[in-house]
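Here are my notes on this model. Please read them with the structure open.

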Amino acid sequence: MAFPRSRIAKLSVVLLQNLTNKPIKQTQLPPNSQALFDLNILNKHNHSHNSFSGLRQYHDGRPRGPLWRGKKLIGKEALFVILGLKRFKDEEEKLDKFIKTHVLRLLKMDMIAVLTELERQEEVSLATKVFQIIQKQDWYNPDVYLYKDLIIALTRSGKMDQAMKLWEAMRSENLFPDSQMYTELIRGFLRDGSPGDAMNIYEDMKKSPDPPEELPFRILLKGLLPHPLLRNRVKQDYEELFPEKHVYDPPEEIFGVR
């Protein structure tokens, strides 16, 4: 319901009188001031109404954002398979039966969507099973990106042995890693307390025909601080490849190095 401007002005005067309990003498405002006063009141009224309406519309219970859009991109059969795999993942017999009756029936894009979603949810054991199924399909061609996503997912989950088995399988298919794969494997081995394995990946990275990137060097220089001999090897290569960059060396006594 809309109020006339003149009535809004009179109501505001009455409200001020009730709040102060003192009589307020109503004065006649100049025409321009009266219009400005009325406009401010209407703007405040509209702002509060819009804010309340916006709040009510936002809390309507519907899914929104990336989660909702992501599910739209996955078919119903793929979603059903993902839920089934997660339900039976601890029951090997039921899991094998579910794979035979449902996973093997999926179309190519649905099967890849299942693999990608399982990797995103960090269900890496199930993702590895699905990847092995994909490799047996007639339409499968060796794809470095399928390997890459699964190797990175395994590395971030701390399953370095499985990641390296997949790495060897990838190399046997004449596929070559990129800088991100090297970086994640180096980071994973350092986190796992295996600096020697991290250096093996580093030596392999140096043979790559791709131009070197700074990030894996930075990760090694930080992770190898307790191992000065290994770190000095990486530091020397880093300074040759990136002469404009500076390497920070903390005081040796921090790590007990003499």
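1. A contact here means heavy atoms within 4.5 Å. By that criterion, and leaving aside neighbours within four places in sequence, T155 is in contact with M160, A163, E184, L185, G188 and R191. Keep in mind that the model is predicted.

2. Where does T155 sit? Its place is in helix α8, residues 144–156. T155 has a relative accessible area of 0%. Buried means under 20%, so T155 is buried.

3. Next, the nonpolar core. The largest one has 57 residues. Within this core, L85, V114, I151 and L220 touch the most other members. Domain 1 (73–139) and domain 2 (141–257) both give residues to this core, so the core lies between them. As background, nonpolar side chains in soluble globular proteins tend to be buried together.

4. I151 deserves a look of its own. Residues up to four places away in sequence are not counted here. I151 then touches A163, L166, W167, M170, M181 and L185.

5. On to the aromatic residues. The structure holds eight aromatic pairs. In one of them, the ring centres of W167 and Y182 are 5.6 Å apart and the planes stand at 65°. Edge-to-face requires an angle over 60 degrees, so this pair is edge-to-face. The pair links distant parts of the chain, 15 residues apart. W167 is in helix α9 (residues 160–172), and Y182 is in helix α10 (residues 179–191).

6. Are W167 and Y182 buried or exposed? W167 is buried, with a relative accessible area of 4%. Y182 also counts as buried, at 3% relative accessibility.

7. Y202 and F217 form another aromatic pair. The distance is 5.7 Å centre to centre, with 90° between the planes, and the pair is edge-to-face. Y202 lies in helix α11 (residues 195–206) and F217 in helix α12 (residues 214–223), so the pair ties together parts that are 15 residues apart in sequence.

8. The burial of this second pair is also clear from the values. Y202 has 1% relative accessibility and counts as buried. F217, at 2%, counts as buried too.

Technical notes
Residues numbered from 1 in each chain as written. Predicted model: local features only at pLDDT ≥ 70, side-chain atom pairs only at ≥ 80, totals over all residues. Heavy atoms only, no water. Core = buried A, V, L, I, M, F, W, Y, C linked by side-chain atoms within 4.5 Å. Buried < 20%, exposed > 50% of the residue type's maximum accessible area, 1.4 Å probe, protein only. Domains from an automatic or database assignment. Phe/Tyr/Trp six-rings, centres within 6.5 Å; stacked < 30°, edge-to-face > 60°. Helix = DSSP H or I, 4+ residues; strand = E, 2+ residues; numbered from the N terminus.
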